[in-house]
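Keep the structure in view as you read.

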Amino acid sequence: IEEITTALEDSQVTMATIMSSRFVAGIRTEVEKVEKSLNLFGETLDEWLNVQKNWMYLESIFSAPDIQRQLPTEAKQFFAVDKQYKDIMRKTRENDNALKAGTTPGYLASFQKASETLDRIQKNLEEYLETKRMAFPRFYFLSNDELLEILAQTKNVQAVQPHMSKCFDGIKSLDFGDDPKSVDIYAMFSGEGERVGLGKNLKARGNVEQWLSAVEAAMVTSLKRQ
């Protein structure tokens with residue numbers, strides 16, 4: 001993209017030089033047409049790159065079935081943009097001339113609309129993460145990407161393990177037993193390898209913020225008892 005941007009800027013400077021020449025009168029209409037085309041291309045390219053950046057970020061999030069299930073409206077909106085974006089990219093690959101692609105009628109409006117939709121999805125996504133953090137405030141210690149990593153695989157309860165030490169200063173990991181699919185939580189391990197039992201019937205069931213709250217309560221109770 002750097003080569004295209006450089007060529008575009010050079011061409012715009014050239015057009016400005018020609019327009020300021022006193023000899024431009026005979027070809028003014030043609031120069032204005034080229035200048036208008038370059039300006040449209042520049043504007044389209046800016047929107048295109050903005051959509052691409054947001055699309056790349058959200059695509060990895062909405063490829064997770066759990067996120068699709070938790071945010072059905074946003075997932076539907078994203079996949080509508082996804083289809084449109086991929087169609088444009090396919091057409092661009094078939095006709096790989098930058099100026100022609102960037103001045104295709106309707107592309108600028110399409111990218112502007114897609115950009116608005118992706119911004120709205122991102123805002124709703126952040127509001128959704130905020131509700132999770134309010135339900136379990138220790139999630140404030142995690143970045144958006146780390147929290148999404150947990151929420152994207154809610155069926156795999158052990159997905160929280162790499163993030164436990166950020167949520168709980170004294171807990172490095174939880175003891176789920178030998179079964180990798182176990183939902184029973186038997187104990188907690190400190191960073192030094194110390195094991196403290198968490199009592200009976202503690203299970204990783206329901207929403208992740210709910211059972212982590214139960215872990216928090218069991219942690220306090222167990223340490224107080226011991």
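Some terms come first. A residue is buried when its relative accessible area is under 20%, exposed when over 50%, and partly exposed in between, with a 1.4 Å probe and protein chains only. This is a predicted model, in which local features need pLDDT of at least 70, side-chain atom pairs count only at pLDDT 80 or more, and totals for chains, interfaces and linings use all residues. Residues are numbered from 1 along each chain as its sequence is written, and side-chain values use heavy atoms, leaving out hydrogens and water.

Start with the salt bridges. Such a bridge is a side-chain nitrogen of Lys or Arg within 4 Å of a carboxyl oxygen of Asp or Glu. The structure holds 10 of them.

Take Lys166 and Glu146. Their side chains meet in a salt bridge at 2.6 Å, N to O. Lys166 sits in helix 8 (residues 164–167) and Glu146 in helix 7 (residues 144–151), so the pair ties together parts 20 residues apart in sequence. Glu146 is buried, at a relative accessible area of 17%. Lys166 is partly exposed, at 43%.

Glu209 and Lys132 form another bridge, at 3.0 Å from N to O. Glu209 belongs to helix 9 (residues 208–225) and Lys132 to helix 6 (residues 107–135), so this pair ties together parts 77 residues apart in sequence. Glu209 and Lys132 are both buried.

Arg69 is partly exposed, at 47%.

Now the spaces inside the protein. Both kinds are found on a 1 Å grid over the protein atoms alone. A cavity is a set of points where a 1.4 Å probe fits but cannot get out; a pocket is an open set with protein on both sides within 12 Å along at least five of seven lines. Lining residues have an atom within 4 Å of a point. Grid points are joined across faces, edges and corners, and a volume is the space filled by probe spheres set on the points.

How many cavities of 30 Å³ or more does the whole structure hold? The search finds one. The largest cavity contains about 50 Å³ of space. Its lining includes Ile150, Gln153, Asn156, Val208 and Trp211. By type, the lining has six nonpolar, four polar and no charged residues. Here Ala, Val, Leu, Ile, Met, Phe, Trp, Tyr, Cys and Pro count as nonpolar, Asp, Glu, Lys and Arg as charged, and the others, Gly among them, as polar.

The largest pocket has a volume of about 290 Å³. It is lined by 16 residues, and those closest to its centre are Ile1, Ile4, Leu45, Trp48 and Thr92. Helix 2 (28–62), helix 4 (72–94) and helix 5 (98–102) each give two or more residues to the lining. Helix 2 gives the largest share, five residues. The lining divides into nine nonpolar, five polar and two charged residues.

Ile4 lies in helix 1 (residues 2–19). Ile4 is partly exposed, at 33% relative accessible area. Glu35, in helix 2, is also partly exposed, at 24%. The C-alpha atoms of Glu35 and Val13 are 9.9 Å apart, across 22 residues of sequence.

Phe176 is in the loop between strand 1 (173–175) and strand 2 (187–189). Phe176 is buried, with a relative accessible area of 2%. Its C-alpha atom is 9.3 Å from that of Ala204, 28 residues away along the chain.

Asn201 sits in the loop between strand 3 (195–197) and helix 9. Asn201 is exposed, at 72% relative accessible area. Its phi is near 60°, a positive value in a residue other than glycine. Most residues other than glycine have a negative phi.

Note on methods:
Helices (H or I, at least four residues) and strands (E, at least two) are DSSP runs, numbered from the N terminus.
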